[in-house]
Amino acid sequence: MEKAQGKLIITKSLIASCFFCLIQCQEKKQEVTYQNVKNNTMQKTEISSILEKQLKKGAAEEYGSFSDYSEKDLNALIELEDSILQSNGYKNVTNEQFAAKIEEIFGRKIDFTSSSNFLKIDTYNKCDKELSFVPLSAEYQNIYVSKNDKLISYFYPLPLLIDYQKNYPYLKKIEDNPIEIETNEGQQQVSRWKDIPNLKEQQKKNNQIVVARNMYLFNDNKAYVTWLVTQDPTFVKTLVKQFGYTKEPKFNALAMSDYLNNGQNSSDIGDIIFVKNCKGDLEIRTELLKYIKEHTKSDENRLLNALENFGYALKDNTNFTSDEKYKILAYIGNTVDPFYLNFAGVNSGNAVWNAESVLYNSVVKDRNIISVFQKNNYYGLPDLKDSLIRVQGIIDHESE
């Protein structure tokens, strides 16, 4: 036993060391990146010009500091990020590979023949495809896709990414004097970038975000999965919940664990599993149903219970047609019903098992479900036919 515990401690230490080394190497490579920028005169001049303008405008969004940002600002940012990624070993991908990834992750198609270099991915409204150039803020969390450089990024102001005081020291004098503007309340002093608390920590974190997201998504570098889950969880959950990216099991676990961490068993879990795409077609995220099935036990069925609650609420759900509701119920039944063979009516640990499943109760109220499922060949679901036979047998027995 002591030997096993010793091995476990050593293993955890090795994992921690590797994770620490990954971040340390990334920080060292950032230093190389800025040197690369300095060696590229044209790039340095462009970034310096944009940076100077942004420093003069200040860091106060509420007073219009970001109001005149444009595609030029984003281009300078992307050039800087491309250098950061190259210094961190980012492998260039082909147009075809990049386009396939963007469609897989965000559901957007890239037209490399169009004049614009950018796609805007609205993380609040995935169907908004109108291109606008709006810097990152609480209200705007857009992700921009660069077709030329084949990377994705938030629209960061440059001072949120680069240690300008160290790498562009000749620009420091810009912030020596206060920035003042005229408002309805009189003159107001605008926050300068150097006034932002923990600015260096923000710069460091944003560099790490740029590297981790792109290295994982486009270079399939699994070394960044844990970092993204622990350090960039909002983005990870957005990928799963908003865009349906369910290829990474640890991402799915993070998104689904929200319901357990918050003590939820509400029906809104179904809102991220059964969704309408931008064409209005039903999409079913089967990997999340698989996750629920794999994480349900006799004494833990909160996710399964939440899924059932979504099934019970379907009759009042106006987002789906009758045919879509039947299909959704079929997928819920295929996931939920087999557990009732062993656990119906049992209460144990974190599990409260009803006397019967949502499939049974739904068929009792709507016998048409049976013929619809049969007509659709049980939607190709492996357990649904047996579940329906079980439910029908109980109903027939009760009616005798």
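The link of Cys-127 and Cys-278 is left-handed, with -95° about the S-S bond. Cys-127 lies in the loop between β1 and β2 and Cys-278 in the loop between β6 (274-276) and β7 (282-284), so the pair ties together parts that are 151 residues apart in sequence. This is a predicted model, in which local features need pLDDT of at least 70 and side-chain atom pairs count only at pLDDT 80 or more, while totals for chains, interfaces and linings use all residues. Residues are numbered from 1 along each chain as its sequence is written, and side-chain values use heavy atoms, with hydrogens and water left out.

**Disulfide**

- The sulfur atoms of Cys-127 and Cys-278 are 2.2 Å apart, and a disulfide is defined as a pair of cysteine sulfur atoms within 2.5 Å.
- By this rule the count comes to one disulfide.
- Cys-127 is partly exposed, at a relative accessible area of 36%; buried means under 20%, exposed over 50%, and partly exposed in between (1.4 Å probe, protein chains only).
- Cys-278 also counts as partly exposed, at 42% relative accessibility.

**Three-stranded sheet**

- An open sheet is formed by three strands in the order β1-β2-β3, with antiparallel pairing; two strands pair if DSSP finds at least two bridges between them.
- Helices (H or I, at least four residues) and strands (E, at least two) are DSSP runs, numbered from the N terminus.
- β1 (118-121) and β3 (151-154) are the edge strands, each pairing on one side only.
- From one strand to the next, the twist averages 25°.
- Four bridges join β1 to β2 (residues 143-146), with Leu-119 opposite Val-145 and Lys-120 opposite Tyr-144.
- β2 and β3 are likewise antiparallel over four bridges, and here Ile-143 stands opposite Tyr-154.
- The hairpin of β2 and β3 has four residues between the strands, and Lys-150 takes a positive phi near 55° in it.
- β2 is covered on both faces: Ile-143 and Val-145 are buried on one side, Tyr-144 and Ser-146 on the other.
- Helix α4 (residues 95-106) lies across β1, β2 and β3 and runs at about 160° to β2; axes are lines fitted to C-alpha atoms, for helices over the stretch in contact, and angles run from 0 to 180 degrees between N-to-C directions.

**Helix α9**

- The 13 residues of α9 (residues 249-261) should span 18 Å at 1.5 Å a residue, and the end C-alpha atoms are 18 Å apart, which agrees; the expected span is 1.5 Å times one less than the number of residues.
- α9 bends by about 25° at Ala-255, the bend being the angle between axes fitted to the seven residues ending there and the seven starting there.
- Buried residues of α9 include Phe-251, Leu-254, Ala-255, Met-256 and Tyr-259.
- The buried residues of α9 pack against α6 (199-219), α7 (225-231), α8 (233-241), α10 (286-294) and α11 (302-312); contact means heavy atoms within 4.5 Å.

**Ile-269**

- Ile-269 lies in the loop between α9 and β6 and is buried, with a relative accessible area of 0%.
- Not counting residues up to four places away in sequence, Ile-269 touches Met-256, Tyr-259, Ile-292, Leu-303, Ala-306 and Leu-307.
- Ile-269 and Phe-310 are 41 residues apart in sequence, and their C-alpha atoms are 7.3 Å apart in space.
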